[in-house]
Amino acid sequence: MRRFGVLLRKELRELMTVQMLLPLMVTIVMFGLIGNLVGGQTTEGGGATAHVVDADGSAASERIVGSLADAGFIVVTSPGTDPAVAAAADDGPGTGIYIGIPAGFGAGLASGQAQKLTTYTVMRNFSFFAARDAAALNAALDAANRSASLSMISAATTSTDPAGLRDPISLSENVIIGNRSAPVTIAAVTNFITGQTTFIPIVLFIVIMFAASMIASTVASEKENKTLETLLAAPIGRAPMVLAKMAAASLVALVSSAAYLFGMQYYMGKLGAATGGGAAVAGGAGAAMDQLGLTLGAGEWALLFASLFLGILVALAIAVILGAFAENVRAAQALLTPLTIAVMIPYFLTIFVDLDTTTPLVRAIVLAIPFTHPFRAAPALFLRDYGTVWLGIGYQALWFAAAVFVATKVFASDRILTLRLGRRKSAAKERP
Amino acid sequence: MPDVLVVDRLVKRYGQVEAVKGISFSIAPGEVFALIGPNGAGKTTTLRTVATILHPTSGSVTMAGIDALARPAAVRELISYLPEEAGAYKHMTGESYLRFFAEVFFADPELAQAALVTGRRIAGLGDRLADKLGSYSKGMTRKLVLARALMTRPRLAILDEPTSGLDVLNAIEVRDQVRKFASEGMSVLLSSHNMLEVEYVSDRVGLISRGELRAVGTPAEIKERFGAANLEQAFVAVAR
């Protein structure tokens, strides 16, 4: 145990270099800067300008202007009668929004005839902000349309419920998860779950690849820098040797991933606020989510962490074996390709496919990959499907034990010094 | 006193290639035994096998009465191995490199500190011990790794080309260190291409060629056996 501690300190010192810490710090700072930039743009862009080319000047066109103002637009009345001409003269910056209200618009509505508004949107970029402004414009005009519709219905009938006449069927959506039900839209639930779990596969993917790359490099660099033989002849057990490398790499990976997670959450939080995205939806539907049991307790978080951490450990153990076959650091990175593919398959499947709907063969193959299980753990926990999570943890633990066993055997055998993938013929000749 | 190391009919194959073909030799306490032979003769394979980092195909290696094949971990407590091209961790300073290995070998902080003091003295690098190893010359690195190998005062030091990369003055200093430690009871198994060095530092010599030990004896005995004026001539006779 003492020697394990000495080795662990050595491995940590080897990994925590300026070359490793500097890019990490830069990444975190960049996330912060971009987040602040996005946040700043939100504040500045909170009141986008809508140019109204009003050829009518009626009370109805005033209501359109009112709807736009209510939606947060700064309304500017442009001269002329043709919005296309006004839009063509737009010299930016930012998205230019022009709404043309034709002459006779108010009178037409008053006589019960449908009228047409024309909009021109000058797009200068394809950012979230351009889409946000367009969506806000549509919402404002929908509100104006609804208001006009209600006015026309009121004028045309004696009904005391014009809203009922306009929308005679209303919808009360409910979602059932397990044996719990809540009055909430499926979109709100999806947004909430996505908001909670979006980062998990991304960060897990980054951490696994980062940690695997680190440990394979440390093993390969022991060979490349001719330090391995000295270490192997020192009184250090092979298992502590392998485990110290893994412990150091996983510690560094965890610290790095926490830093990345913090940076990404900061950035995504700013982005979510800027685009009026899922965060607000999830926040508003919080009570319904509690009712559905879609909040994780300490036990569930612990299970999730165990599954994620085991995924990292399995990757590390496999990377040690792959690194042991490499002659140098560059070769070690190339040898990690199979591991990368094994992580990418469940990563993309988690994002794009429901594994339960695939064919049994595909499902069996994907489930056989140990990295599938940490990606499945979070959704399973939200569904209180503990069996899936525990089975995944057990399966990963078996993989971990097997991989550490093989890695220890490789370190205890001649292969650590003699084996070179793809160079078997020459290896024997080189040794004596 | 019983021999520190007994190598008995050691065979090592790499696939179809038999690198070491049943060699036997032993080393007494405080004795310096040198293996000399041409490139590819099996010297490094023998040294690596004694150092427990290669497994013999057959035969045995016994270190202070311990079967190295059955209990390699116990043997590693008693030996120290200096590979021919030993590197050092470039992110470490010379001081932290020596400290790391001192702490690996000794649980007792006082013993570790004593080893560190010895290591500093053998390395003779003065203030440069505070510098990162990445800034060391080849010669400085060699002195440091040699200091690491000797500072723990092992029962057997296995030194593969100990003075490789050192200038004449440093090489002489290293030989003196090896002799001094041997006089204090440490046994040494070394390989070298420098016949002058072998003649100066070794008590006995083993001439190895094509995986076979062709002759074992003191430098004087070897020279007499091959009718050679020096070890180099004996070496040439064996190599051809």
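This report describes the nonpolar cores, the chain contacts and some helices and strands of a predicted model.

Residues are numbered from 1 along each chain as its sequence is written, while chains are lettered from A and ligands numbered from 1 in the order in which they are written. In this predicted model, local features need pLDDT of at least 70 and side-chain atom pairs count only at pLDDT 80 or more, whereas totals for chains, interfaces and linings use all residues.

**Cores and a helix of chain A**

A nonpolar core is a set of buried Ala, Val, Leu, Ile, Met, Phe, Trp, Tyr and Cys residues joined through C-beta atoms within 7 Å. A residue is buried if 20 or more other C-beta atoms, placed from the backbone, lie within 10 Å of its own. The largest core has 155 residues, and Ala211(A), Ala315(A) and Leu316(A) have the most contacts inside it. Helix α14 (residues 298-324) of chain A gives the largest share of this core, 16 residues. A second, separate core has 20 residues, including Ala48(A) and Ile64(A).

Helices are DSSP runs of H or I with at least four residues, and strands are runs of E with at least two, numbered from the N terminus. Helix α19 (residues 386-412) of chain A has 27 residues and spans 38 Å from first to last C-alpha, close to the 39 Å expected at 1.5 Å a residue; the expected span is 1.5 Å times one less than the number of residues. Among its buried residues are Trp399(A), Phe400(A) and Phe411(A).

**Chain B and its contact with chain A**

Two residues are in contact if their C-beta atoms, placed from the backbone, lie within 7 Å. By this rule, 31 residues of chain B contact 26 residues of chain A. On the side of chain B that touches chain A, α3(B) gives the largest share, 5 residues. The classes on that side are tabulated below; Ala, Val, Leu, Ile, Met, Phe, Trp, Tyr, Cys and Pro count as nonpolar, Asp, Glu, Lys and Arg as charged, and the others, Gly among them, as polar.

| Class, chain B side | Count |
|---|---|
| Nonpolar | 18 residues |
| Polar | 8 residues |

Chain B has 9 helices and 10 strands. Of its 240 residues, 47% count as buried.

In β6(B), Ile79(B) and Tyr81(B) point one way, Ser80(B) and Leu82(B) the other, and all are buried. Strand β6(B) runs parallel to β7 (residues 156-160) of chain B, joined by 4 bridges; strands pair if DSSP finds at least two bridges between them. Ser80(B) stands opposite Ala157(B) in β7(B).

Terms used: Buried ≥ 20, exposed ≤ 12 C-beta atoms within 10 Å, placed from the backbone.
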